[in-house]
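Look at the structure shown here and keep its sequence at hand.

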Amino acid sequence: MKFFLAFFFAATLYATVNEPLRLEIFSGYRNDRIHWHLQDPGEGGTLTYSELNRDVEYWENGLALKVIHRDLIFFLRGAYGAFGRGQLLQKYPNTPGAPRFRSTTDGWTADVVGYFGYAVNLTADRTYKVLLTPLIGYSGYFEQLKRASGPFKLVWNGFFFGGGFVVEPGGQVSFNVGYSYHLMHNRVRATVRNTLTDQSIKTQSGGNSGQTGWAEIDWLCNPVWRLGIGGQIHYFSTRVVNASISQADRGDFSQKFKLRWTPVSVWAQIARTF
């Protein structure tokens, strides 16, 4: 700890990057895919249930705050997705003659991300600018779906680390690309109700992982205002964990559970510096 404090203290003495507080407001499209399944306990357990929520489409809006002070980066971003519409496919792979159930979904999402980073200027005293930005932060993601078969709630939260590049080649264009690796805790609450079963499923687990990549292009209208477009993709997955299941005709029991979550977002944004 003393080493890191000394490092950051020394770095601020020779700081080269400062950017005033910037407020970004963005709005765009998000498409989620959620795939999970259950299987019997034991090695090579039988796959008993599979569920795919695909093309869950949201109108996503949010804002972000960013400032760089003496090379130190502070960033906070929040987003809300509404009017979620998608398709649900339910399958019972090892039940002979079992039908496949299809229905529509309705949902909403809420995300928050915050990180602390360090801006390394790779092109000091040049007419263009390239910044390397290692970072560490914390994020949380919530999604809730309403389906004919019952509600579904998904929560991810945990720390992440990664880095990015900011490139300003001169003129009025700025590029920002980055990647982060997540160490996530996961919670799922789901009800599966149809002509074959009526189940309540609960699971929570740590030690899960995820990856995020993003890219943005901004047009610097003047020193105060900028316009831009951006995109982002997450891929999160759980380990194979135990789920607690309550079933009307069977009581309480447990099965193995695994989930994969892949949301893709694109947006347009407007930003102002203060």
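This is a predicted model: local features need pLDDT of at least 70, side-chain atom pairs count only at pLDDT 80 or more; totals for chains, interfaces and linings use all residues.

Residues are numbered from 1 along each chain as its sequence is written, and side-chain values use heavy atoms, with hydrogens and water left out.

Begin with the strands, which are DSSP runs of E with at least two residues, numbered from the N terminus. Two strands pair if DSSP finds at least two bridges between them. Strand β1 runs antiparallel to β2, and 18 bridges join them. Within this pairing, S27 has N61 of β2 as its bridge partner, and D32 has V56 of β2. β1 also pairs with strand β12 (residues 251–273), again in the antiparallel sense and over 18 bridges; here R22 stands opposite T273. β2 in turn is joined by 17 bridges to strand β3 (residues 72–91), and these two run antiparallel.

Is T109 buried or exposed? T109, in strand β4 (residues 101–118), is buried (under 20% relative accessible area; exposed means over 50%, and partly exposed lies in between, with a 1.4 Å probe and protein chains only), because its relative accessible area is 0%. Contact means heavy atoms within 4.5 Å. Leaving aside neighbours within four places in sequence, T109 is in contact with R30, D32, Y58, A79, Y80, G81, F142 and E143.

R54 is found in strand β2. R54 counts as partly exposed because its relative accessibility is 32%. Setting aside neighbours within four places in sequence, R54 is in contact with D32, R33, G86, Q87 and R102.

Next comes the core. A nonpolar core is a set of buried Ala, Val, Leu, Ile, Met, Phe, Trp, Tyr and Cys residues joined through side-chain atoms within 4.5 Å. The largest one has 39 residues, and W36, F152 and L259 have the most contacts inside it. Not counting residues up to four places away in sequence, W36 touches several residues, including F152, L259, Y49 and I201.

Rolling a probe the size of a water molecule over the atoms shows where empty space is left. A cavity is a set of points on a 1 Å grid over the protein atoms alone where a 1.4 Å probe fits but cannot get out, and lining residues have an atom within 4 Å of a point. Grid points are joined across faces, edges and corners, and a volume is the space filled by probe spheres set on the points. How many cavities of 30 Å³ or more does the structure hold? There are four.

The largest cavity has a volume of about 340 Å³. It is lined by 22 residues, of which F75, R77, Y115, W214 and Q232 lie nearest its centre. The second largest cavity holds about 130 Å³ of space. Of the 16 residues that line the second largest cavity, R22, K66, V166, S174 and R226 are the closest to its centre.

Terms used
On a 1 Å grid over the protein atoms alone, a cavity is a set of points where a 1.4 Å probe fits but cannot get out, and a pocket is an open set with protein on both sides within 12 Å along at least five of seven lines; lining residues have an atom within 4 Å of a point. Helices (H or I, at least four residues) and strands (E, at least two) are DSSP runs, numbered from the N terminus.
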